[in-house]
Amino acid sequence: MLAENQAIDDRIFPLQEALSAVVGRGSGAILSCLPGELAYYEGEGMHDRYVLRRKL
């Protein structure tokens with residue numbers, strides 16, 4: 001995980017725990033769910049949330 005919050009930045013979590021740590025918290029984060037294929041982006045704005053999927 002890449003996160004603005006130093007307590008969770010550069011750590012590995014189970015997906016549910018990682019999502020709970022970033023969704024709605026108001027700080028930026030990128031979760032790599034399936035490396036190179038699927039990620040989750042949580043921005044600093046209220047509606048800055050995206051699931052990122054690599055197009056094959």
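Q: Where in this predicted model is the place of Ser27?
A: Ser27 sits in the loop that lies between α1 and β2.

Q: Why is Ser27 called buried?
A: Ser27 has a relative accessible area of 18%. Buried means under 20%, so Ser27 is classed as buried.

Q: Which residues is Ser27 in contact with, leaving aside its neighbours within four places in sequence?
A: The contacts of Ser27, with those neighbours set aside, are Glu4, Asn5, Glu42, Gly43 and Glu44.

Q: What makes the pair Arg49 and Glu42 a salt bridge?
A: The closest N and O atoms of Arg49 and Glu42 are 3.1 Å apart. The rule asks for a side-chain nitrogen of Lys or Arg within 4 Å of a carboxyl oxygen of Asp or Glu, and therefore the pair qualifies. By this rule the count comes to one salt bridge.

Q: Are the two partners, Arg49 and Glu42, buried or exposed?
A: Glu42 has a relative accessible area of 1%, and because the limit for buried is under 20%, Glu42 counts as buried. Arg49 stands at 37%; this value falls between 20% and 50%, so Arg49 is partly exposed.

Q: How do you know that β2 and β3 pair?
A: Strand β2 (residues 29-34) and strand β3 (residues 38-42) share five bridges in the antiparallel sense. Pairing requires at least two bridges, so the two strands are paired. Within this pairing, Leu31 has Tyr40 in β3 as its bridge partner.

Q: What is the order of the four strands in the open sheet?
A: The order is β1-β2-β3-β4, with antiparallel pairing. Because β1 (2-3) and β4 (49-53) each have a single partner strand, they stand at the edges.

Methods. Residues are numbered from 1 along each chain as its sequence is written. This is a predicted model: local features need pLDDT of at least 70, side-chain atom pairs count only at pLDDT 80 or more; totals for chains, interfaces and linings use all residues. Side-chain values use heavy atoms; hydrogens and water are left out. Buried means under 20% relative accessible area, exposed over 50%, partly exposed in between (1.4 Å probe, protein chains only). Contact means heavy atoms within 4.5 Å.
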